[in-house]
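The sequence and the model are shown below.

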Amino acid sequence: MNTGVAMYRQHADAHQLVEQHAPLVKRIALHVLARLPRHVELDDLYQAGMIGLLEAARNFDHTKGASFETYASIRIRGAIIDEIRKGDWAPRSVHRNARAVADTISAIEQETGRDARDDEIAERLGVSLEQYHRMVADINGVRVIGIEDAVRQEENIGAGTKLVDQMDLMHEVSDARFRQALSEAIDKLPEREKLTLSLYYEQELNLKEIGLVLGVSESRVCQIHGQAIARLRARMKDWLD
């Protein structure tokens with residue numbers, strides 16, 4: 001078989017794979033979209049995922065043993081996550097509030113030696129409890145995506161590493177000491193916050209599903225999740241400096 005014919009067949013095979021697995025891109029994009037702010041467009045995720053599918057079709061090697069769907073799923077998700085990382089949908093005020101909340105939690109916990117409570121954090125910030133809950137809910141819009149692609153190489157690290165991107169610490173992923181410190185910080189979270197993170201990152205439930213498990217509203221889950229992230233920021237402050 002000459003080179004031209006071989007290249008034509010390879011191109012035809014790749015085209016067929018893309019056509020057959022286009023619905024897979026939409027499924028993965030919808031799954032990721034459920035964990036993102038509402039103004040993120042499905043079409044943007046779908047387009048990024050299609051690029052991942054095209055790359056998977058071109059590079060797939062059937063002799064490696066994995067099925068194409070398994071291989072493509074990894075490439076699609078990775079492409080979508082890469083696209084998401086290019087954006088940050090939270091306004092500057094949310095970033096400022098996230099830092100203020102983390103600093104306040106850190107100060108209270110250093111003073112008292114226990115978990116900072118919602119009401120005392122709100123009081124220290126000079127806002128109502130309702131305003132504070134809105135602040136921590138908004139924190140979910142800051143780098144909301146996890147780093148599932150980065151932890152594929154470390155399958156047994158656990159939920160801790162999947163929160164690294166949430167904390168703008170991608171450069172620390174390869175640092176085993178950081179991962180250990182983050183895992184320990186998560187383990188010391190209040191039980192409801194720790195369970196929320198486990199359900200969200202390990203079990204990959206969405207906020208509504210977690211609400212059903214915890215017996216609270218979706219908005220309350222959003223608040224719990226945001227406060228957990230803020231508390232982790234506070235407790236991992238030495239790694240951020």
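## Helix H6

In helix H6 (residues 129-138), the buried residues are Tyr 132, His 133, Met 135, Val 136 and Ala 137. Buried means under 20% relative accessible area, with a 1.4 Å probe and protein chains only. These buried residues of H6 pack against helix H4 (92-112), helix H5 (118-125) and helix H11 (218-235). Helices are DSSP runs of H or I, at least four residues, numbered from the N terminus.

## Basis of the model

This is a predicted model, in which local features need pLDDT of at least 70 and side-chain atom pairs count only at pLDDT 80 or more, while totals for chains, interfaces and linings use all residues. Residues are numbered from 1 along each chain as its sequence is written, and side-chain values use heavy atoms, with hydrogens and water left out.

## H9 against H10

Helix H9 (residues 191-202) packs on helix H10 (residues 207-214) at an angle of about 135°, and their axes are 10 Å apart. H9 passes H10 in a right-handed crossing. On the H9 side the contact (heavy atoms within 4.5 Å) is made by Arg 192, Leu 195, Thr 196, Leu 199 and Tyr 200; H10 contributes Leu 207, Ile 210, Val 213 and Leu 214.

## Glu 193

Glu 193 is found in helix H9. Glu 193 counts as buried because its relative accessibility is 6%. Leaving aside neighbours within four places in sequence, Glu 193 is in contact with Ile 224, Gln 227, Ala 228 and Arg 231. The side chains of Glu 193 and Gln 227 are joined by a polar contact of 3.2 Å. A polar contact is a pair of N or O atoms within 3.5 Å; within protein, one must be able to donate a hydrogen and the other to accept it, and residues adjacent in sequence count only if both atoms are side-chain atoms.

Technical notes:
Axes fitted to C-alpha atoms, helices over the stretch in contact; angles between N-to-C directions. Helix = DSSP H or I, 4+ residues; strand = E, 2+ residues; numbered from the N terminus. Left-handed = near helix turned anticlockwise from the far one by under 90°. Buried < 20%, exposed > 50% of the residue type's maximum accessible area, 1.4 Å probe, protein only.
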